[in-house]
Amino acid sequence: VLLSGYSPFMGEDQRETFSLVNNADYDFDDDVWDHVSDDGKDFIKRLLIKDKKQRMTIDEALAHPWLNGAAEKKVKGKKLSTAHHRDYRDRTKHKEDDGDALPMGRLSRDSAVFRKEGDEGVLVRKLVMELPEHAPVVYEPLGDVTGFEGSRVQLSCKIIGKPAPFIKWLKEGQEITEDARHRLSYKEGVATLQVTDLEPSDAGTYSCQAVNNLGSTETAAE
């Protein structure tokens, strides 16, 4: 819509539009797409793949020629028309409730992606956004900590993967298991190791490993 003012899923009515969206059935046959570059249309195609595992990842999208500047050499300098954007605005504008939502909120509310046809008419439905499956990634590494004999310390790091990774803590390469002095947890991407009643022998290098079926990662501190 931002490129052409026209949705590639546009049907004759809301029911047909929803069916096209749900089945990822679209085309660029309308003449409004004639002045959109092949790179631009390829970028859209690679994002509108029904199987999320086959879609571009964030890194792949950022590296696409249409975004990374490689496409600039192919630009012919012809300005895109905004006539269809104005038509789209006029078709979708709610004159009776202009003040009830910002434009982006109104677009989200009325988008066919958020609606479904039921026996009682058009019903709002919940849309869940999901990241594609990926190997664990360290977002916040472990940091060095200092403690005194008899006190308590806590080491934590943020590691996220999909599916959720298996977390293992190690000291000098030896796995740490939970006991009266060691408490381990992993919640909402944060892995935590708590050591109580510190002893001189607790000094050393600690590492946190995360593994799922797509790969592994590790972060360490003292």
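## The loop holding Pro163

Pro163 lies in the loop between β4 and β5 (166-171), where strands (E, at least two residues) and helices (H or I, at least four) are DSSP runs numbered from the N terminus. The peptide bond that leads from Lys162 to Pro163 is cis, with omega near 0°.

This is a predicted model, in which local features need pLDDT of at least 70 and side-chain atom pairs count only at pLDDT 80 or more, while totals for chains, interfaces and linings use all residues. Residues are numbered from 1 along each chain as its sequence is written, and side-chain values use heavy atoms, with hydrogens and water left out.

## Two residues with positive phi

Glu172, in the loop between β5 and β6 (174-175), has a phi near 55°, a positive value in a residue other than glycine. Asp197, in the loop between β8 (190-195) and β9 (206-212), likewise is not a glycine and has a positive phi of about 50°.

Glu172 counts as partly exposed at 49% relative accessibility, and Asp197 is partly exposed with a relative accessible area of 49%; buried here means under 20% relative accessible area, exposed over 50%, and partly exposed in between (1.4 Å probe, protein chains only).

## The four-stranded sheet

Four strands form an open, antiparallel sheet in the order β3-β4-β8-β7, two strands being paired if DSSP finds at least two bridges between them. Because β3 (134-140) and β7 (182-187) stand at the edges with a single partner strand each, one side of each is left without a neighbour in the sheet. The twist averages 25° from one strand to the next, based on axes that are lines fitted to C-alpha atoms, with angles from 0 to 180 degrees between N-to-C directions.

Strand β3 is joined by four bridges to β4 (residues 153-162), and the two run antiparallel; Val137 stands opposite Ile160 in β4. Val138, also found in β3, is partly exposed at 25% relative accessibility. Beyond its neighbours within four places in sequence, Val138 is in contact (heavy atoms within 4.5 Å) with Lys158, Ile159, Thr217, Glu218 and Thr219. Val138 and Glu218 are 80 residues apart in sequence, yet their C-alpha atoms are 7.5 Å apart in space.

## Helix α2 and the whole chain

In helix α2 (residues 38-47), the buried residues are Asp39, Gly40, Lys41, Phe43 and Ile44, and their cover includes α3 (58-62) and α4 (65-68).

The protein chain has six helices and ten strands, and buried residues make up 26% of its 222 residues.
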